[in-house]
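Hi,

Here is the structure I said I would pass on. Have a look at it first, and then read my notes below.

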Amino acid sequence: MSTLESSSAEAALVAGRPADLTPVVLDAAGLESTAPSHLRDLKAGLAEDGYLPAELTVEARFCEDNPLAVQSESDRLREYVRAAAFLGVGRVAVDVAECCRPDDAEFAALGERARREGVAFELRGSIDG
């Protein structure tokens, strides 16, 4: 399957041409809102100024061993995955800064959601609890 994905990406690149846009990394903390109307305006403004959002970085805050708090944080990260897809961002990079770690299934679910949205998902930082 990855061979098909790779050849498909390569074919798209061969058929394309360079663009005069500057790739930028957006910090989720700098987004005023993830509402579609705000994201639409942000995307248009970035394009108008010659910028292409390439990555969205998000700091995860898994600071409690409480299942409801973990679910709330996971929901917040899913919202940023949706926002990234809306903006046309290629990758969401999640910095796991706190010591408490949800089980791996939570990260796998977030990665699967990102894949369905057409966005790469990457964990960064120490995730050892």
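In what order do the 4 strands of the open sheet lie? The order is β1-β2-β3-β4, and the pairing is parallel. Strands here are DSSP runs of E with at least two residues, helices are DSSP runs of H or I with at least four residues, and both are numbered from the N terminus. Two strands pair if DSSP finds at least two bridges between them.

Before you go on, a word about where this comes from. It is a predicted model, so local features need pLDDT of at least 70 and side-chain atom pairs count only at pLDDT 80 or more, while totals for chains, interfaces and linings use all residues. Residues are numbered from 1 along each chain as its sequence is written, and side-chain values use heavy atoms, with hydrogens and water left out.

The overall picture

The chain has 4 helices and 4 strands, and along the sequence they follow the pattern α-β-α-β-α-β-α-β. Of its 129 residues, 30% count as buried (under 20% relative accessible area, with exposed over 50% and partly exposed in between, using a 1.4 Å probe and protein chains only). Take the contacts (heavy atoms within 4.5 Å) between residues at least 6 apart in sequence: 80% of them join residues at least 24 apart.

At the edges you'll find β1 (22-27) and β4, each of which pairs on one side only. From one strand to the next, the twist averages 20°. Strand β2 (residues 51-60) runs parallel to strand β3 (residues 91-96), and 6 bridges join them. Val58 has Val94 in β3 as its bridge partner. On to the next pair: β3 and strand β4 (residues 120-124) are also parallel, joined by 5 bridges. Look for Arg91 opposite Ala120 in β4, and for Val94 opposite Leu123 in β4.

The helices

Helix α3 (residues 67-87) packs against helix α4 (residues 104-117) at an angle of about 20°, with 10 Å between their axes. Axes are lines fitted to C-alpha atoms, for helices over the stretch in contact, and angles run from 0 to 180 degrees between N-to-C directions. That angle makes α3 roughly parallel to α4. The contact divides into 6 nonpolar, 1 polar and 4 charged residues. Here Ala, Val, Leu, Ile, Met, Phe, Trp, Tyr, Cys and Pro count as nonpolar, Asp, Glu, Lys and Arg as charged, and the others, Gly among them, as polar.

Now for helix α2 (residues 36-48): its axis and that of α3 come within 9 Å and cross at roughly 40°. α2 and α3 are therefore oblique to each other, and their crossing is right-handed. Pro36, Leu39, Arg40, Leu42 and Lys43 in α2 meet Arg82, Ala83, Phe86 and Leu87 in α3. By class, that contact has 6 nonpolar, no polar and 3 charged residues.

Lastly, α4 lies across β3 and β4, running at about 150° to β4.

Cheers

Methods: Angles under 35 degrees count as roughly parallel, over 145 as roughly antiparallel, 65 to 115 as roughly perpendicular and the rest as oblique. A crossing is left-handed if the near helix is turned anticlockwise from the far one by less than a right angle, and right-handed if clockwise.
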